[in-house]
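Please keep the sequence and the structure in view while reading.

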Amino acid sequence: MALLIIMRSFVHLMLSALEFMFFGRAILSWFREIDNETINKLYEALYSLTEPMIVPMRILLDKFAWSRESPIDFAFSFTFMILIVLTMFF
C-alpha cells in the first residue's frame, strides 16, 4: 500500500512539473521577439521537453481545416488542458 502511495505521489509530481514547463513555455513564447540569449535558451529547453507530447495532438488536429487556419495553437492548448485534468486525478 505504501508503494502505491509513493508511486501516486511521484506521478503527481511529474505531472505537476510538466504543467509548470508548459506554463513556462507559454509565458516565454510572448518574449521570443526580445533578443535575450537566456530567454531564448530557456524557451528552447522547454520546447524540446514539451514538444514531443504536443506532436500527437498536432497530427490529430491537422486533419481539421479550422485548426490549420487558426492563429491559436490548439494542439498546445488541448495538450495543456489534458495535462491539467490528469494532474487533478493524481
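## Salt bridges in the model

The count of salt bridges comes to five, where a salt bridge is a side-chain nitrogen of Lys or Arg within 4 Å of a carboxyl oxygen of Asp or Glu. Side chains of opposite charge can pair when their charged atoms come close. This is a predicted model, in which local features need pLDDT of at least 70 and side-chain atom pairs count only at pLDDT 80 or more, while totals for chains, interfaces and linings use all residues. Residues are numbered from 1 along each chain as its sequence is written, and side-chain values use heavy atoms, with hydrogens and water left out.

## A network of four residues

Which residues are linked in a network of salt bridges? They are Arg25, Glu51, Arg58 and Asp73. Glu51 and Arg25 meet through their side chains at 2.9 Å, N to O, and this pair links distant parts of the chain, with Glu51 in helix H2 (residues 37-61) and Arg25 in helix H1, 26 residues apart. Helices here are DSSP runs of H or I with at least four residues, numbered from the N terminus. Glu51 counts as buried at 11% relative accessibility, and Arg25 is buried too, with a relative accessible area of 6%; buried means under 20% relative accessible area, exposed over 50%, and partly exposed in between, with a 1.4 Å probe and protein chains only.

Glu51 also forms a salt bridge with Arg58, where the closest N and O atoms are 3.1 Å apart, and Arg58 counts as partly exposed at 25% relative accessibility. Arg58 in turn is bridged to Asp73, with the closest N and O atoms 3.0 Å apart. This pair links distant parts of the chain, since Asp73 lies in the loop between helix H3 (65-69) and H4, whereas Arg58 is in helix H2, 15 residues apart. Asp73 is partly exposed, with a relative accessible area of 33%.

## Helix H1 against helix H4

The axes of helix H1 (residues 2-29) and helix H4 (residues 74-89) come within 9 Å and cross at roughly 150 degrees; axes are lines fitted to C-alpha atoms, for helices over the stretch in contact, and angles run from 0 to 180 degrees between N-to-C directions. H1 and H4 are therefore roughly antiparallel to each other, a term for angles over 145 degrees.

Among the residues that meet are Phe22 and Arg25 in H1 and Phe80 and Leu83 in H4, contact meaning heavy atoms within 4.5 Å.

Technical notes: Helix = DSSP H or I, 4+ residues; strand = E, 2+ residues; numbered from the N terminus. Parallel < 35°, antiparallel > 145°, perpendicular 65-115°, else oblique.
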